Each structure stands twice: as structure tokens, then as C-alpha cells.
Amino acid sequence: EVTEEPADDSEVGEWVTVATLTGNADQQSDTLKLTGGKFRLSYDFTDSTGAGTIVGAIYLLPEGTDIMTDGGIPEVMASKPGAGESMLRKDDGEYFLKVMAANADYTVTLEAQK
């Protein structure tokens, strides 16, 4: 785990929620028009079956991508229940958030730094 602390508060931008997905099955967001910069992807996967293992994958893909045809590399891949976050850097453009999950309930939130 990497912990970074800014030198002072002026370096910290406000985080604004862009999209949140909750559920227990595969789903994706509508089109998200993003301005380039930093994004924070927060997630929480819980075991919905009691098996102790889950499968969770979170993607932030350019609009028009068909993951079944084009493929893709997840921003986050989870095999155990838990929460966390990941920092992303994306260019201006239209994207969509996609979550694929099995044996899990989840909440996934994408925030943009303003």
C-alpha cells in the first residue's frame, strides 16, 4: 500500500462523484464525458455467497468499446472481498464504467479531481 501526503492543502483538489454503480451482477454506466486528469476509483466487494472468494473486475473504457470483441484490461481485479481505491489518469473523452462480478455485492464509485 502506498500512502502519499501532499505538502499542503493547496495541492489537494476537491473530488466530485462522476458515477456510482451498485449491484451483484455485471453492469455498466451510461456515457461519461470526462475532462482529462486524475480520477479516483473506490470499490467495496462483499461476499454474497459465503464462499470466501469473489470475482470482480472494474473497467473504465472508451465509449464504443465492446469488451467481448475488443478485450480490455481491468483497472481493478479482485479475488477476495474487500474495499480499496485506485488512482487513474485519463485523457479528455467519452468513457463508460463497467463492472463484472460473480459471488459479490459491490459498490464502485468514480470521482474526478477538480
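Start at Lys-33, which forms a salt bridge with Glu-94, their closest N and O atoms lying 3.9 Å apart. A salt bridge here is a side-chain nitrogen of Lys or Arg within 4 Å of a carboxyl oxygen of Asp or Glu. This pair links distant parts of the chain: Lys-33 sits in strand β3 (residues 32–34) and Glu-94 in strand β8 (residues 93–102), 61 residues apart. Helices (H or I, at least four residues) and strands (E, at least two) are DSSP runs, numbered from the N terminus.

You are looking at a predicted model, in which local features need pLDDT of at least 70, side-chain atom pairs count only at pLDDT 80 or more, and totals for chains, interfaces and linings use all residues. Residues are numbered from 1 along each chain as its sequence is written, and side-chain values use heavy atoms, with hydrogens and water left out.

How open are these two partners? Lys-33 is exposed at 68% relative accessibility, while Glu-94 is partly exposed at 40%. Buried means under 20% relative accessible area, exposed over 50%, and partly exposed in between (1.4 Å probe, protein chains only).

A search of the whole structure finds 3 salt bridges. Another joins Glu-111 and Arg-40, at 2.8 Å from N to O. Glu-111 belongs to strand β9 (residues 104–113) and Arg-40 to strand β4 (residues 37–47), 71 residues apart. Both Glu-111 and Arg-40 are buried.

Finally, visit Glu-75 and Lys-90, whose side chains meet in a salt bridge of 3.0 Å, N to O. Glu-75 lies in the loop between α1 (67–70) and β6 (76–78), and Lys-90 in strand β7 (residues 82–90), 15 residues apart. Glu-75 is partly exposed, at 26% relative accessibility.
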